[in-house]
Amino acid sequence: MLQEILQEKEHFVIDENLKDKPGKALSGTGKVRSFQRKIYLKAKQEKEFCFYVMHDKISLQHFLFEAWKRVKANQGVPGYDKVTFLEIEEYGVESYLRELAEELKAETYKPQPILRVYVPKANGKMRPLGIPTIRDRIVQMSCKMVIEPVFEADFEDCSYGFRPKRSAKGAITEIKSNLKRGNTNVYDADLSGFFDNIPHDKLLILLEKRISDKRVINLIKKWLKCTVFEDNKLHKSRKGVPQGGVISPLLANIYLNLLDKAVARKDGYFYKYGISMIRYADDFILMGRKLPEASLEYLNKMLEKMELDVNTDKTKQIDARKESFDFLGFTFRYDRGIYGNNGKYWNVVPSKKSELKIREKIRKVFRYCRHFSSEAITRTLNPIIRGWLNYFSIRGISYPSTAKGKLHWYLDESFYRFFQRKSQRKCKLYRRSAFAYLVSHYGLIDPARYTFV
């Protein structure tokens, strides 16, 4: 039985270096991974088992220190209390975490208000983000590391967002595989304000099915009910999870797992029509040879019971052989072959919005780094270019060559204009091929030549 579980597709991929070894003490990270592996296997073996002693693990020193490392690696701005990572390090990380552990053990820990900020979306609107303090992020990360393996054992294969060893690339690969199999009817759904509308009572019911430790549930309740600081006022939170909280993606996956299970159930309504779903956080699509109207009505009824709304302006149903569609920044098209024959193939390329977004990021660099040296501007641009290219390069799945060429051309033109305006005195790169010079002398990434490893 145990061997079968280990061979299942969705189990944690365990690094050989993190396995328990006789006579060798595990590091803090190793202890965390060892615990997660054991909890996962227990949850996988016993689908109805309810874990009852979890809270004490959250306050363990190696869990809190691992949480600190992960939160610091993510960087991010300070929260409501304005305390920075540097200030915590100056105070002493060990002392800071020890005091936090004592609060958790004594159950006197109380989260501070969440700072509400807004970031621009691609459509011109603003996306609300809730930023917890670094202190609360550490506790949320520790809690996430403790409870995530339990729910990971229950999640379906169709979910790809914010899960260990899963990414957007897996979702894109699965979509293309579906299209090749003839599942070309696509229902591209968009949920309105998903994170802000998750009902607390229903989410807590799902949590309590697997976690019976009331102290853990009460801890999560505190984060859900945490006040929000906006417009110099504190506001009560009655529903939703803060989009920006460390534990929020896990809570969102736990809630939407209801939908995943309904679609994937072999004796269910969707299965008999051969309909599958691919989901990344709150973005999902349904795919099948046919999508009967009754199945979409059934989906809407389910979402209504879950108190979630479909954005009718952005949601659409298409035949992918006749009309392209976008998902996670990629465009899927049924294109004619480049050699002039009558054959067609499924072309997966960066979407127009994605191309505009990378150009805007580069524009900002040129705008605010006007007086940077050539070496400094190369160091600033390379992570942006590399991240974009790595995301859209999926070997055997996507074809970003044309987009790479356009980005090459854009950088060439941008550097030409940049060095024309850089100063009143003409620099050595004025009216020269500045982009090519920076590529050869400073290691600037050339998108047209970049190879994803």
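Start with the largest nonpolar core, which has 77 residues; I138 and I147 touch the most other members. A nonpolar core here is a set of buried Ala, Val, Leu, Ile, Met, Phe, Trp, Tyr and Cys residues joined through side-chain atoms within 4.5 Å. Buried means under 20% relative accessible area, exposed over 50%, partly exposed in between, with a 1.4 Å probe and protein chains only. Helix α7, residues 134-152, gives this core its largest share, 10 residues. Helices are DSSP runs of H or I, at least four residues, strands are runs of E, at least two, and both are numbered from the N terminus.

This is a predicted model: local features need pLDDT of at least 70, side-chain atom pairs count only at pLDDT 80 or more, and totals for chains, interfaces and linings use all residues. Residues are numbered from 1 along each chain as its sequence is written, and side-chain values use heavy atoms, without hydrogens and water.

Back to I147. Beyond its neighbours within four places in sequence, I147 contacts M54, I211, V216, I220, I247 and L250. Contact means heavy atoms within 4.5 Å. There is also a second, separate core of 45 residues, including A320 and L444.

Now T133. Where does T133 lie? In the loop between β2 (126-131) and α7. T133 counts as buried because its relative accessibility is 0%. P78 is 55 residues away from T133 in sequence, yet 6.1 Å away in space, C-alpha to C-alpha.

Last, the sheet. Four strands form an open, mixed sheet, in the order β2-β1-β4-β5. Strands pair if DSSP finds at least two bridges between them. At the edges are β2 and β5 (233-235).
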